[in-house]
Structure formats: structure tokens, C-alpha cells
Amino acid sequence: MRPALLLLALLFSLFSSAGEAPGFDQLLQEGGLRYTAPNGYSELPVEYAPFSYEKRLAHEEQQLEVRFSIRPLDRIEVDYEDPHNAAPHPNDLFDMLFRSVVEQLSDGPGSISRAYPSDKADALFNAGWAAVAVMDIKPSISSEYRQGLLLAMHRNDRADAYVLVLTNELAAHKPLIEAIHESLVFVD
């Protein structure tokens, strides 16, 4: 297995062999994040998906779904098997993991992504790094929605957080998507 895939599998595995998955509120606390519920959304049950998440919302009037995933860095165990190099620190994996997640979600090579300038990531999300990608979504991620926007953010020694917006009309829902991006931020 490629190291990137191995690391991705480890990052998104929050289950211990004997325990339950932590809840969204617990992950917020562990990751040092604040969640503000956006107006006009109802909570949906979390279902199995190839990209795991802990909170799921649906807009009450528009065809738009939002999934939140939080990965506290303290929970990441890197099982790295390279006799020539030391295992990377979780603070150094965010960009590689973001690209791996985009690949996991995207239905084809046409995804577009960009990282925010560091001052913008700090101003918007109180994060050290943030990036966004738009893509066509694999049917295994959603049979109802064809398009997705993934927001990823990282803060050293805290967490990686992902906000996945699913829709069939990204351009038409731009104001709703901007409001969603204000719902999750790192706290000081």
C-alpha cells in the first residue's frame, strides 16, 4: 500500500478496536474548534460513507447537504514503514491528506483546488492552513448530488477539519456555501 493511502486510512480511522467513535461535540473540543449552526438547515442522521463524517445537515429549502469531519491530531497514529526516514509528524501531513481526500471524493480528474494565503486562512478560520476544492462527486459519496466543494483547514497541534458541501448547482448556491464556511473555526 502506498504510504499516502496508508496515512489517509489511519487519519480517518477514529475507532479504537474496543471503543466507540467519538461524537461531533467531543471532536470539536479535542480539536479546539467552535461550531455555529448555520440558519436554514436541519440535521440529518450520519450514515456510512467512504469519506467519514460526524455531522450532516440539509438545507430546508434548497438542494444542498453539508458534512463535517474533524480529525484531532492527538488521535492520529502514523504507522510509517520506511527504514530510511522517520515517520512524518501529523502537523506535516495536511496538504498531502487534502489531496488524497479530493482524490477519494472526485469522480474524475477535473477537480480544481487552491490553498488560501496563510493570512486569509488565519483571518477566516483562525487556521494555519486552509484550502478549497471543487469537483464532480463519485456516486459512492452521494447518489443524490453530482457536485461538491471541500473546505479543509489545519491548525498545528490541534486538528484537521473538513467541510464537504454537496449540491447539483455550486454556482447558484454560492451565498449559502459562504455562510457554511463561517460555521466552523478554530478557537484561540
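A salt bridge here is a side-chain nitrogen of Lys or Arg within 4 Å of a carboxyl oxygen of Asp or Glu. With that in hand, I searched the whole structure and found 6 salt bridges.

**Ground rules.** I am working from a predicted model, where local features need pLDDT of at least 70, side-chain atom pairs count only at pLDDT 80 or more, and totals for chains, interfaces and linings use all residues. I number residues from 1 along each chain as its sequence is written, and side-chain values use heavy atoms, with hydrogens and water left out.

**Layout.** I noted 5 helices and 9 strands (DSSP runs numbered from the N terminus: H or I of at least four residues for helices, E of at least two for strands).

**Charged pairs.** I looked at Lys55 and Glu43 and found their closest N and O atoms 3.0 Å apart. Lys55 sits in strand β3 and Glu43 in strand β2, 12 residues apart. Lys55 counts as buried at 10% relative accessibility, while Glu43 is exposed at 54% (buried is under 20% relative accessible area, exposed over 50%, partly exposed in between, with a 1.4 Å probe and protein chains only).

Next I checked Glu65, buried at 3%. Glu65 pairs with Arg67 at 2.7 Å between the closest N and O atoms, and Arg67 is buried at 7%. Shared partners join Glu47, Arg56, Glu65 and Arg67 into one salt-bridge network.

**Core.** I then turned to the largest nonpolar core, which has 28 residues; Leu33, Met153 and Val163 touch the most other members. Such a core is a set of buried Ala, Val, Leu, Ile, Met, Phe, Trp, Tyr and Cys residues joined through side-chain atoms within 4.5 Å.
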